[in-house]
Amino acid sequence: MQAQSEKYNLSGLVFDEGTHLLSGATIFIPELQLGAVSDDKGTFIIKEVPAGEYKITVRYLGYSSLETNVKIPNDAPLEFHLEGEFHLLNELTVEGKPVSIALENRETISGESLQKIRGASLAESVTSITGVTMLQTGPAISKPVIHGLHSNRVLILNNGVRQEGQQWGTEHAPEIDPFTAQKLTVIKGAAAVRYGSDAVAGVLLVEPPELPESENLQGEVNLVGTSNGRQGIASVMLANGSDKLPGLGWRVQSSAKKAGDFHAPNYELTNTGVQEVNFSGEVGYKNEKWGGSFFYSLFTSELGILRSAHIGSTTDLLDAIERERPFFIEDFSYEINNPKQDIAHQLAKAKGFYNFNEKSKLSFHIAQQVNSRKEFDIRRGGRSNRPAIDLRLQTLTAELIWEKYHDNNWNGTFGITWLDQKNRNIPGTGVRPLIPNYLSNGLGVFAIENYAKNKWELEFGARFDYRRLEVFRFNEEDELETPIYNFTNFSVSGSAKYRFNESLQYTVNLATAFRPPNVSELFSEGLHHGTATIEEGNENLVTEKAFKWINTFSYNKAPFTFTTNFYYQRIQDFIYQEPLSEPRLTIRGAFPVFAYQQTDARLAGLDADLAVKLHPNVTFESRYSMVRARDLTRGAPLIFMPADRFENGLRYNKQRDEKIYNWFVQLNTAYVAEQTRVPGIDYTPPPESYFLLNVQAGAKFKINELDTGISVSVNNALNTTYRDYLNRFRYYADDLGRNIILRLHANF
């Protein structure tokens, strides 16, 4: 035994049940209050550990905690293998000394949890996190809703770049291929200080895997088939490094999707097919001192808009809203007819970093996005092939970040961001533009400081943003007008985390945020084909200003895991769409009319998660979320807020059989209450409550050294007829019926 005064570094690897390395696992020595988190390669190191024998705890979301004894010094790096379980997607908890993680209220889906939902849309993928729901426009278009807020209030970062394209309206789904992601992280809180304006509700991070640094060909194949829509999805990823030039690595990934008409329990949803082809690639180099990479992605999609949402007359529209079945029901088809959308989104990003020393790092990125969108209407006179909307949005963003680690338990992050954006209507539509041409640019400067000592972690941040918007529009007299808007704001945030003991902790977050009105809210005028509504902008809108307070309690001690979030948010000058009393008849048909308005709003709610290990192989999970939103000016509820949701699940999981080393069966139920807290202004009352039953079973095994997995899911197993309040097409049709999903994946 070495002398007790000597200290050593303890290092090792963290694996799942097989050979996959886990990043983000917590390794903690309670007696010494020392810990670390595994990096993207699954490796960890705990520095300056005194010689001796200690109990060590290893934790990772979705896996059973591991406790074992370790002698120090240790002759070789340690290897920990964690067993998967049906586990809550709670906030990442780092025990011991912090390792430069933010105190935001964040929850992550990765590893096995992400594999079980492959093939779902980006928005659908994150609904497994409590407090996150979807805003839908039919079966193929969806975007995430965090604590009742969506669209521009949820900032999406695709590989570290702000995803642009939502400026055109609430209906446009994020143009991102979820197969590019190794993990999806949702930050449920006002996060404007770090991520800039628009992060009023929170942030969704789409993070691809790190590039390999040495020669070792890696790959992943995913195949998904669904009965509803007779959909087929395929994705392939390859990555490798170089032994001749250690630190050099590359990755390519591509996916394709094809679906025909989806169906409700009792009929086809005519013209709801989807076709997608996507590609991404990255190449980069890094060493201990510096590094950089170049990333490119292309997302293309053609999708149909429910035919029954486009009605010929006002009488027929009102009749369609009252009918139990849509007007247009045809046999299943893969053909996509008008109305439809053609979408293409390109992202090119260059990034780099330089380490001045162990305590100072400078990093940057510059990115160009080009977003093209065409919307086709049902037009007469042989003009069906001419788009009624043809938009092209170009965005150039840049970010410079300096990270500084101090010697007195403090570390800081300082940054500057820049944005330049141009929107252009492509001539030739023959229709007055829904959204005018515009130029926008902005600048942001921020600073964040973290402090950690013993049981406390503190974080403080401040940010200043400037945004300029110049619009080019023709008035009713066809005279060119060029209104200019200037928006400035100062945002602050503060967070504190206190660990009562190894199992219990409390976190409080307080933050302000702001969101300038986007162009669609200011100047929309006319038919928006994707939502089948007429939208009226309001050029007098002013900046939203928000304050959010979140309290989080987490308890994790076998056999229980419990997390609850209480939140309160005030938004001054909240922008929303208000349905007008009567639909409007145009030469293209009759449509509901929605006008943009502002009010002062209050949102409060609760997210609660509970998991209980009933048996080494059996876990019970329960989740509940609620939002209470109020229009303070009118003294009435806010429109289009999610209803209360209560979910329960039971999972049986068996580990390490001779040939099948991990198999599971799970049963999930979801009850969504009727939304009774509505202002009374809508074209139809909110739909009734509904209950869904979902079943999934799967296994992992090896075939010729390939880690292979297969699973079968049955969503809406009882084929329940229902309509969701947050589906914009609930006026015309039911939501999806039973859907059998087969997933097959292989890793090498």
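Isoleucine 27 stands opposite valine 58 in S5. The two strands involved, S2 (residues 26-29) and S5 (residues 52-59), pair in the antiparallel sense over three bridges; pairing requires that DSSP finds at least two bridges between two strands. The model is predicted: local features need pLDDT of at least 70, side-chain atom pairs count only at pLDDT 80 or more, and totals for chains, interfaces and linings use all residues. Residues are numbered from 1 along each chain as its sequence is written, and side-chain values use heavy atoms, with hydrogens and water left out.

**Four-stranded sheet**

- The open sheet has four strands in the order S3-S2-S5-S6, with antiparallel pairing.
- Strand S3 (34-37) and strand S6 (66-72) are at the edges with a single partner strand each, so one side of each has no neighbour in the sheet.
- On average, neighbouring strands of this sheet are turned by 25 degrees against each other, direction ignored; axes are lines fitted to C-alpha atoms, for helices over the stretch in contact, and angles run from 0 to 180 degrees between N-to-C directions.
- Strands are DSSP runs (E, at least two residues), as helices are (H or I, at least four residues), numbered from the N terminus.

- Strand S28 (residues 504-515) pairs with strand S31 (residues 544-557) in the antiparallel sense over 12 bridges.
- Leucine 504 has tyrosine 555 as its bridge partner in S31.
- S31 also pairs with strand S32 (residues 560-579), in the antiparallel sense over 13 bridges.
- A hairpin of two residues joins S31 to S32, and lysine 557 has phenylalanine 560 in S32 as its bridge partner.

**Nonpolar surface patch**

- A nonpolar surface patch of about 880 Å² includes Leu217, Leu248, Trp250, Phe294 and Phe748 among its residues.
- Patches are made of residues with over 30% relative accessible area and no salt bridge, where like charges are joined within 9 Å and nonpolar side chains (Val, Leu, Ile, Met, Phe, Trp, Tyr) within 5 Å.
- A salt bridge is a side-chain nitrogen of Lys or Arg within 4 Å of a carboxyl oxygen of Asp or Glu.
- Strands S16 (231-241), S17 (248-259) and S18 (274-286) each supply at least two patch residues, and S17 gives the largest share, three residues.
- Leucine 248 is found in strand S17 and is partly exposed, with a relative accessible area of 31%.

**Isoleucine 435**

- Isoleucine 435 is found in the loop between strand S23 (410-425) and strand S24 (437-453).
- Isoleucine 435 is buried, with a relative accessible area of 1%; buried means under 20%, exposed over 50%, and partly exposed in between (1.4 Å probe, protein chains only).
- Isoleucine 435 and phenylalanine 523 are 88 residues apart in sequence and 6.3 Å apart in space, C-alpha to C-alpha.

Key
Areas by Shrake-Rupley, 256 points an atom, 1.4 Å probe, with all protein chains shown as cover.
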